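Welcome! Take a moment with the sequence and the 3D view below, and then let this briefing walk you through some places to look.

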Amino acid sequence: MPASTSERNGFLKEISSNIYSGTVKLFFSAIFEEVGFRLIPFGVFLLVFKTKKAIPFAAIASAVLFGIVHGGGLFVYIAMAMGLIFFLAFYLAFRVEEDLNNATLVTAISHFLYNWTIFLLLVYK
């Protein structure tokens, strides 16, 4: 039996509310994660070692922390790979702009779009 109009409207209202709140949460979590997993490790390694040779170590540390925090099992490795990709984007943006804030913004937007895509795929599965 087809759903009534009021049932469909209620369902659409619930989904749109979930999309809005999910989008806001994903936006802010992407910013905080990029500061914590890219900006801080990159800055610390660069300040402590004062050489660009420290950058691969910062990338590995960032990816490992990102992977551990984001799950268990096989997903740790997927998150580590994403952490390396985000770190690479951060580093390339930093090399172009030579500004840590802009590099963080670039990766935060990339991270948000990645998370948002997965979120939408889960909502509309």
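## A first look around

Let's begin with leucine 92, which sits in helix α3, spanning residues 74-97. Please keep in mind that this is a predicted model.

**Leucine 92**
- With a relative accessibility of 45%, leucine 92 counts as partly exposed, because that category lies between the cut-offs of 20% and 50%.
- Valine 106 comes 14 residues away from leucine 92 in sequence, and the C-alpha atoms of the two are 9.9 Å apart in space.

**The chain as a whole**
- Which elements make up the chain? There are four helices and zero strands.
- Following the sequence, you will read the pattern α-α-α-α.
- The chain has 125 residues, and 31% of them count as buried.
- Consider the contacts between residues at least 6 apart in sequence: 65% of these join residues at least 24 apart.

**Where α2 meets α3**
- A pair of packed helices is described by two things, the angle between the axes and the distance between them.
- Helix α2 covers residues 55-69, and its axis comes within 7 Å of the axis of α3, with a crossing angle of roughly 140°.
- That angle makes α2 oblique to α3, because roughly antiparallel would call for an angle over 145 degrees.
- The crossing of α2 past α3 is right-handed.
- What kinds of residues form the contact of α2 with α3? They divide into 15 nonpolar, three polar and no charged.
- On the α2 side, the residues that take part include Ile55, Ala58, Val64, Phe66 and Ile68.
- On the α3 side, you can look for Val76, Met80, Leu84, Phe87 and Tyr91, among others.

**Threonine 107**
- Threonine 107 is found in helix α4, which runs over residues 100-123.
- Is threonine 107 buried or exposed? Its relative accessibility is 0%, so threonine 107 counts as buried, given that buried means under 20%.
- Leaving aside residues up to four places away in sequence, threonine 107 touches Glu34, Phe86, Ala89 and Phe90.
- One of these partners, Phe86, also belongs to the α3 residues that meet α2.

Definitions and conventions: Residues numbered from 1 in each chain as written. Predicted model: local features only at pLDDT ≥ 70, side-chain atom pairs only at ≥ 80, totals over all residues. Heavy atoms only, no water. Helix = DSSP H or I, 4+ residues; strand = E, 2+ residues; numbered from the N terminus. Buried < 20%, exposed > 50% of the residue type's maximum accessible area, 1.4 Å probe, protein only. Contact = heavy atoms within 4.5 Å. Axes fitted to C-alpha atoms, helices over the stretch in contact; angles between N-to-C directions. Parallel < 35°, antiparallel > 145°, perpendicular 65-115°, else oblique. Left-handed = near helix turned anticlockwise from the far one by under 90°. Nonpolar A, V, L, I, M, F, W, Y, C, P; charged D, E, K, R; others polar.
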